[in-house]
Amino acid sequence: MRRLPIYFLIDVSESMVGEPIAQVDDGMRSIIQELRTDPYALETVYVSVIAFAGKAKSLSPLTELNMFYPPKMPVGGGTAIGAALDYLMDDIDKSVQRTTADFKGDWKPIVFLFTDGTATDKPDKAIERWRQKYMSRCSMVCISIGENGDTAMLGKLTENVLRLNSTDVVSFKAFFKWVTASIKTSSMSVSDRGIDDICLAPTKGINLEKVDTRVATRIDENFAVLPARCSNTKKMYLIKYAKKTSEIEGLGELGFNPNYFRLVGAYPVDEATYEGMSNGKSSHKINTTVLQGVPTCPCCGNQYGFVVCECGNIMCHDGMRQVCPWCGTEGILTEGSGEGSNVGQGQG
Ligand SMILES: [Zn+2]
Ligand SMILES: [Zn+2]
């Protein structure tokens, strides 16, 4: 039996924390559930999931549909697209059977790459490797989640570059239905007609748009994600802010920064998993005066989930006395100075 290998290469960088990651978890489950009811897919499709942030990691090796359990996505710092591509190519070498003169190997692997940002490593070498040895014998579909994916870079990997324009729950659900439909039509077309190439489902009615990759992308940080630690449980959480631009006109000319960041939420992360997916620490700083909104602590429920200790780290506070979980200093809550403070930001 010739297998149809499907790879999911999924960006799990900090900006994906919260709703997007939850939607990807959910989407992977629905893809698998639905494919299991499809006779063509059941016979041919094998699935592999590779997650990447600062590092790439296999969450599931190439597995037949019936034996596949959708993994839970981790979160990490960084967007190492180069490392992710190298990981993918090494895995293709290892897991996909090639066709030779007297042996019919697997069908052309299909790779779905989901990303919401810009590479934080230097992916050029990996891109070159992909173009020389893999591009012609794999089908790749790159999906920029939201407007900040580096579509010009993705265009070097494949001509199938699409952008999911809105990232609300309904759009995500429709998008994953489209991925499922594309896998179904592709497995049917290899089984019935022996056409060894991807067959994408129509995108009509979905907020998914084919991108002209010759146009340079405007690369901009849409989110600020800050690591914090709970004073009571010592557990880590991430505080996520989304960038907004003030509607008051002329602020820029007056010397004010028209951009600010509004609170999206605070999310607990498993520290070991987070460290395992991150590559070093980020040196980005952001000033607290541009941040709007304070979360409660998602670990212990403390009212103040965003308090900056003298040591420069973010902790939660009960409003009375609390020991900093980063440096051990005990302190009471004081009003910060008008200048705000610069706090460490994730790598995105
Ligand atoms: Zn707490
Ligand atoms: Zn401290």
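The notes below go from the overall layout down to single residues.

**Ground rules**

I am working with a predicted model, where local features need pLDDT of at least 70, side-chain atom pairs count only at pLDDT 80 or more, and totals for chains, interfaces and linings use all residues. Residues are numbered from 1 along each chain as its sequence is written, while chains are lettered from A and ligands numbered from 1 in the order in which they are written.

**Domains**

I started with the division of the chain: domain 1 covers 4–210 and domain 2 covers 223–344. These bounds come from an automatic or database domain assignment. I noted 33 Å between the two domain centres, taken over C-alpha atoms. Their contact takes 15 residues from domain 1 and 15 residues from domain 2; two residues are in contact if their C-beta atoms, placed from the backbone, lie within 7 Å.

I then sorted the domain 1 side of that contact and got 6 nonpolar, 6 polar and 3 charged residues. For the classes, Ala, Val, Leu, Ile, Met, Phe, Trp, Tyr, Cys and Pro count as nonpolar, Asp, Glu, Lys and Arg as charged, and the others, Gly among them, as polar.

**The sheet of 7 strands**

Next I traced an open sheet of 7 strands with mixed pairing, in the order β3-β2-β1-β4-β5-β6-β7. Strands here are DSSP runs of E, at least two residues, and helices are runs of H or I, at least four residues, both numbered from the N terminus. Two strands pair if DSSP finds at least two bridges between them. I reminded myself that strands of a sheet pair through backbone hydrogen bonds, either parallel or antiparallel.

β3 (56–64) and β7 (208–210) are the edge strands, each pairing on one side only. On average, neighbouring strands of this sheet are turned by 20 degrees against each other, direction ignored.

I followed β2 to its partners. β1 (residues 4–11) and β2 (residues 45–52) pair in the parallel sense over 8 bridges, and L9 stands opposite I50 in β2. β2 also pairs with β3, in the antiparallel sense over 6 bridges, and here I50 has S58 in β3 as its bridge partner. A hairpin of 3 residues joins β2 to β3.

Is A51 buried or exposed? I found A51 buried, because 27 other C-beta atoms lie within 10 Å. The cut-offs are 20 or more such atoms for buried, 12 or fewer for exposed, and partly exposed in between, with C-beta atoms placed from the backbone. A51 sits in strand β2 and touches I10, V12, K57, L59, M73 and P74, leaving out residues up to four places away in sequence.

**Helices α1 and α6**

Two packed helices are described by the angle between their axes and the distance between the axes. For α1 (residues 19–35) and α6 (residues 169–193), I have an angle of about 35 degrees and axes 9 Å apart. Axes are lines fitted to C-alpha atoms, for helices over the stretch in contact, and angles run from 0 to 180 degrees between N-to-C directions.

Which residues of α1 and α6 meet? I listed Q23, G27, S30, I31, E34 and L35 from α1, against V169, F172, F176, V179, T180 and I183 from α6. By class, that contact has 7 nonpolar, 4 polar and 1 charged residues.

I also checked S191, which is found in α6. S191 counts as partly exposed because it has 17 C-beta neighbours inside 10 Å. Not counting residues up to four places away in sequence, S191 touches Y40, E43 and T44.

**The sheet of 6 strands**

I moved on to an open sheet of 6 strands, again with mixed pairing, in the order β12-β10-β9-β8-β14-β13. Its edge strands are β12 (291–292) and β13 (304–308), each pairing on one side only.

β14 (residues 314–317) runs parallel to β8 (residues 223–229), joined by 2 bridges, and A228 has I314 in β14 as its bridge partner. β13 and β14 pair in the antiparallel sense over 3 bridges, with M315 in β14 as the partner of V307.

**Two phi angles**

In the hairpin of β13 and β14, with 5 residues between the strands, I noted that G312 takes a positive phi near 95 degrees. K234 has a positive phi of about 65 degrees although it is not a glycine. K234 lies in the loop between β8 and β9 (236–245) and is partly exposed, with 13 other C-beta atoms within 10 Å.
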